[in-house]
Amino acid sequence: MKNRLWKKIMAGSLAAAMMVSLTACGGGESTGSAGGSSETEAAQTGAETATSERETVTVRMGRQTLQNAKLPDGDTYEDNAYTRMAEKELNIDIVDEFEANGEDYDRQVSLALSAGDIPDIMKVGSLDELEELYENDLIADLTNVYETYASDNLKAIYDSYGGRALANVTYDDKIMAIPATNADSGPSIVWVRSDWMDSLGMKVDEDGDSCITIEELETIAKTFMEKNPGGADNVVGIALASWITSGDPDGTYTMNSVAYALNAFPKTWYERDGQLIYGSTTEEMKEALAVAARWFDEGLLDPQVGTRTWDDITALLANGQTGVTFGTWHIPDWLLNNIYAMDNNARFAAYAVETADGKVNCKHNDATAGYMVVSKQFEHPEIVVELANLFYDRLANDPSLLETYPEVAEYQKQGVDGSTRPMNVEINSYNSLLEGFGQLQACLNGEITVDEVKSTEEKSNYEGITAYLEGSGDATGWAKYHSRLGGVGLIQKLTDDDTFEWLTPVFPRTTSTMETNWANLEKLEEETFIKIVTGVLDVEEGFNQYVSDWKSQGGDTIIAEITEQMH
Amino acid sequence: MSENRKNRRQKAKRKSEVFYHLMMFPGLFFLILFSYVPMVGILMAFQDFVPAKGLFGSEFVGLKHFIYMFHLPDIAKIIRNTVVIALGKILIGTFMAIAFSILLNEIRRQFFKKTVQTVVYLPHFLSWVVLAAVVVNLFSLDGSVNQILSVFGLGPVNFMGNSKVFPGLIIGTDVWKEFGYNSVVYLAAITGIDAGLHEAAAIDGATWWQRVLHVTLPGMMPIILLMGAMSLTSILSAGFDQIYNLYSPIVYETGDVLDTYVYRIGLVGRQYSFGSAVGLCRSIVGMALLLGANGLTKKLTDQKIF
């Protein structure tokens, strides 16, 4: 009756079959020689080929979008200040093959992949997808174009990761993607409505180390529930997303901060006493779930946890139904700003949750996240490197570019989301976050002038924040004030005070057992965790059963496989 | 002479029939293009399908994906969930549609009849993506259903997050959405029943209930059997779009069905061969059930569906 999946598979296979027959008719030899000649051509002419000499190239792209990108009226993802700048600078014409939000984008990529027809340039989210593209021979080798076209600054950025970034995208000594760098993102921060705390005369973090204990967190949430300073209906203490935990240390809407404070590292592979373990199966994880289960039992945790969507939780915050949430340092820019839009009095304080020893656990990220790939059919693979040069070197270091394109400067000032750039990834040096923040802070303290601030982004941050502090009520200034002075400020403080306890995880490639069993193990984990938290399963019994199931359903094999991979 | 004329007439007939057969051709073409050609994709189920290598370049692995499917730890639970939800929808949905059509047929005031008909048809034309939002709003903890329950001192029931009531919610909302539309066929069947039979029964002193039982229902039986047998083919598809838009990990226990499971593992995990293996299994089961039902009805009632 509703065989949608079947139909999709059929459509996919039909498309694939057509592809095969088309390429067969078109003559495999011609595609082969064309690819070869364009490659050698690119290598021969090298960097001297001025962009302007190239005829206008149409670039079909896959674009991952954001719901509220703050684009000015009339501008779209396909046609905005950033794309116009790129089109003019590189003499290209950007056409969006498909645009989709978040997870939908990954689905689009999946479908494009199954049809064997990918856009000229697109971003893929995971190494697994990259590997599949490579194995299916759909993407171009970028080794030559990277060596030839990447600017010195761009190369320096990748070098700051000690080779780890490019190693991730290198297959058989060939660079197959331009990776997004992934510097450490810090902990999952507890964001608390400080305007509510002030109005209730609450005092937290009295020792001033910006860390709170789990008990303090509970007290804050309880007081907010009882006093209801937001004056809302259906008050909720703490809301969590249905996945409860995240593999990213800074996971938004998850209980990572609580888990980490109990020395549990959910969804993380790491070595302990020479033994590889999966963090979601440890005793510490059980304790963390026990805390959440107690919260649920006491009514502190949202009674509808598990069925709330991401947007539901944002709505809870925006409606003033809850005033405590968890997330990465930059959520004021794109998530908490929704709350300011509803309530101009909203202010947030940022805290980290500390362990019993007064430390803050955090883990290092993998060096890359997100990969720009180029279709093998595309004749100008150098464009992807030129885009990277433009956005991550020239735009960051060359002020004259902003004078030529005042609308781009305006975008940065208005805080238009970075995903509107045709290159929707971040390529920054390993220490860029704290370096930039150091300059911003020095500038705010009057130690250096705005002109001495290096990056244009921090300059516009400075302008936004000063405008906000002068009482302009500017929403972007509010967001930057909270994300930089609140979020990054907290990371800086914890770094300065030496409060962080860093874990270096293992980042495995997908093993053969993972390929067949991982989806199932993930389901097992997700289902068990939410059931334990909501009291359907007993913590002790349910968790022990989960661990033994996890091991017998492939977990043990996977551990052995990854251990082998490491040696 | 007469022989000759007969031949000529046959020839003429054949000539005019050629035209009609030609008219069938576009339909046949599309049928072959969209229903038969894609069947080549069944090959995928027996391969380790790699899109770039295509259907004829991928490696054949025999029954690997079928064996894997039946060794999945959750497969029994998922098949049970699928059958429970699908069967619930078929049984309750068919009953509601029949009951509704009989009752609606009794209404004499045309305006009222047409209005009711339109109102109950309407949900059929809304997509589950839209309706899911309505269902979530109605059945969430602070939704109106729980507010009504609280007036009677009941609840609150977390319909969306309680694996005991979730299948009921799925079946109930689907029946609500589809029964009106499904009753169209039954209404037509009732109209086709000879009015004389009703009159005769009434003259013999049959009550309304007796007439329904002994005239209307037997008259509808061929259609009921046909519809029932046809819906059996979907016993292993419990309605992907509905469940996908309403479920969450918390109700996987009773709400995760074959479609959603295959979607998560097969399509999101990009295991196409596994996906088509499951799809093929489902089609085989559906076809076996259809043939079985056909044989059974022929034996029981001497009527064949096809």
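A:Asp173 lies in the loop between strand E4 (170-171) and strand E5 (174-175) of chain A. In this predicted model, A:Asp173 has a positive phi of about 65°, although the residue is not a glycine. Most residues other than glycine have a negative phi. A:Asp173 has 7 C-beta neighbours inside 10 Å and therefore counts as exposed; the cut-off for that class is 12 or fewer.

A:Lys70 also has a positive phi, of about 60°, and is not a glycine. The loop that holds A:Lys70 runs between strand E1 (57-65) and helix H3 (81-90) of chain A. Here the count is 17 C-beta neighbours inside 10 Å, so A:Lys70 is classed as partly exposed. A buried residue would need 20 or more.

Chain A is divided into three parts: domain 1 (4-23 + 37-183 + 368-420), domain 2 (189-364 + 504-566) and domain 3 (432-496). The C-alpha centres of domain 1 and domain 2 of chain A are separated by 33 Å. Four residues from domain 1 of chain A and four residues from domain 2 of chain A make up the contact. On the domain 1 side, these residues divide into one nonpolar, one polar and two charged.

The largest nonpolar core holds 115 residues. Within this core, A:Val190, A:Leu240, A:Ala288, A:Leu289, A:Ala292, A:Tyr351 and A:Val533 touch the most other members. A:Leu289 touches A:Phe529, A:Ile532, A:Val533, A:Val539 and A:Phe543, with residues up to four places away in sequence left out of the count. Another core, of 60 residues, lies apart from the largest one. Its members include A:Ala140, A:Met176, A:Ala388 and A:Leu390. In soluble globular proteins, nonpolar side chains tend to be buried together.

Chain B contains 13 helices and two strands. Its radius of gyration is 25 Å, well over the 19 Å that the globule rule gives for 306 residues, so chain B is more spread out than a compact globule. The C-alpha trace of chain B spans about 80 × 65 × 35 Å along its principal axes. Of the 306 residues in chain B, 27% are buried. Among contacts in chain B with a separation of 6 or more, 66% join residues 24 or more positions apart.

Confidence in chain B is given by a mean pLDDT of 86, with 96% of its residues at 70 or more. For the complex, the predictor gives an ipTM of 0.75 and a pTM of 0.76.

How values were computed: Residues numbered from 1 in each chain as written. Chains lettered and ligands numbered in written order. Core = buried A, V, L, I, M, F, W, Y, C linked by C-beta atoms within 7 Å. Contact = placed C-beta atoms within 7 Å. pLDDT = per-residue confidence, 0-100. Domains from an automatic or database assignment. Nonpolar A, V, L, I, M, F, W, Y, C, P; charged D, E, K, R; others polar. Helix = DSSP H or I, 4+ residues; strand = E, 2+ residues; numbered from the N terminus. Rg over C-alpha atoms; globule rule 2.2 N^0.38 Å.
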